[in-house]
Amino acid sequence: MSLSADLTRALTAAARVDRLLITSDFDGTLAPIVNNPADARPLRDSAKALVALSELPGVSTALISGRALEVLRNLSGMPAAVHLVGSHGAEFDSGFAHPIDRALLDTIAGELQAIAADRPGVTVELKPASVALHVRNAEPADADSALVQAHAASKAWDAELTEGKAVLEFAVIATDKGEAIDILRDEHEASAVIYFGDDVTDEKAFRRLRDGDVGVKVGPGETLAAYRVDEPEDVGAALKYLLDARR
């Protein structure tokens, strides 16, 4: 198990900044992939190094996972010093990733309710950060016209659209790991960010990294990360290297 010279140089430089934020995915990165997802646990050396880093002056650490926040908390076993973000960057302890645009939410709800009003079986579901238009119980003509009208109306909304079976959902917040990194960077006033990830969803995090940051892809596959390691055990080695360099 060894780290490339390019990666160690980048980690050394990052370890010297005033305020460092170290972030990582969980499954396939801090914890190996297992057949039963409920059995996933972080590698002992990786967890130990991450916790030790979180205790150093000027260092903040976080796990950003697709897992639900409570599940991530239980599986990772991390202390409060390590920040946890679930649901692909959407779920913080404090609630949603950023403030909800209530005015936009109300606008979308009103327009969708108007679309549904004269179409039997078309219904509107209000959620804390999104509004869904359901057409499953409508006649085909009403369902089709409702969907077409909703699509047309949505061009004026700064909302994230998810299309499901007989449903359109419009969210007034965007939620991904890259946004979570931006939020954590601002919250901790980080001079540099390090992110370890192995999955396609981690590319959204790598895309948000800036000059002086370090993105590390774990395993094979195309990536926006500038650096790569082979397996989760290498993440542990990188965290230990960072710990020694920061000390």
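# Notebook: a first look around the model

**Entry 1, the whole chain.** I began with burial: of the 247 residues of the protein chain, 50% count as buried. For that I used relative accessible area, where buried is under 20%, exposed is over 50% and partly exposed is in between, with a 1.4 Å probe and protein chains only. I noted that this is a predicted model, in which local features need pLDDT of at least 70 and side-chain atom pairs count only at pLDDT 80 or more, while totals for chains, interfaces and linings use all residues. Residues are numbered from 1 along each chain as its sequence is written, and side-chain values use heavy atoms, with hydrogens and water left out.

I then looked up the overall dimensions, and the C-alpha trace spans about 65 × 40 × 30 Å along its principal axes. The chain has eight helices and 12 strands. These are DSSP runs numbered from the N terminus, with helices being H or I of at least four residues and strands being E of at least two.

How is the protein chain divided? I found domain 1 at 5–97 + 175–246 and domain 2 at 102–171, with bounds that come from an automatic or database domain assignment. Taken over C-alpha atoms, the centres of domain 1 and domain 2 are separated by 37 Å.

I also picked out Leu-126, which is found in strand S6 (residues 123–126). Leu-126 is exposed, at a relative accessible area of 53%. From Leu-126 to Asp-45 I read 45 Å in space, C-alpha to C-alpha, for 81 residues in sequence.

Next I went looking for open space. The largest pocket holds about 220 Å³. A pocket here is an open set of points on a 1 Å grid over the protein atoms alone, where a 1.4 Å probe fits, with protein on both sides within 12 Å along at least five of seven lines; lining residues have an atom within 4 Å of a point. The volume is the space filled by probe spheres set on the points, which are joined across faces, edges and corners.

Of the 16 lining residues, His-83, Leu-84, Phe-92, Asp-93 and Ser-94 are the closest to the centre of the pocket. Strand S3 (82–85) and helix H6 (177–188) are the elements that give two or more residues to the lining. Which of the elements gives the most? It is S3, with four residues.

By class, I listed 11 nonpolar, two polar and three charged residues in this lining. In this scheme Ala, Val, Leu, Ile, Met, Phe, Trp, Tyr, Cys and Pro are nonpolar, Asp, Glu, Lys and Arg are charged, and the others, Gly among them, are polar.

Side chains of opposite charge can pair when their charged atoms come close. I looked up the total, and the structure holds 10 salt bridges, each a side-chain nitrogen of Lys or Arg within 4 Å of a carboxyl oxygen of Asp or Glu.

One of them joins Asp-25 and Lys-177, whose closest N and O atoms are 3.2 Å apart. Asp-25 lies in the loop between strand S1 (20–24) and helix H2 (44–54) and Lys-177 in helix H6, so this pair ties together parts that are 152 residues apart in sequence. Buried or exposed? Asp-25 is buried at 5% relative accessible area, and Lys-177 is buried at 2%.

Arg-208 and Asp-182 meet in another salt bridge, at 2.4 Å, N to O. Since Arg-208 lies in the loop between helix H7 (203–207) and strand S11 (214–218) and Asp-182 in helix H6, the pair ties together parts that are 26 residues apart in sequence. Arg-208 is partly exposed at 28%, whereas Asp-182 counts as buried at 19%. I also noted that salt bridges that share partners join Asp-25, Lys-177 and Asp-202 into one network.

Arg-44 and Asp-45 pair at 3.8 Å, N to O. Arg-44 is exposed at 64%, and Asp-45 is exposed at 55%.

Ala-180 is buried, with a relative accessible area of 0%. In the loop between H6 and strand S10 (192–197) I found Glu-189. Glu-189 is exposed at 59%, and its phi is near 50°, a positive value in a residue other than glycine.
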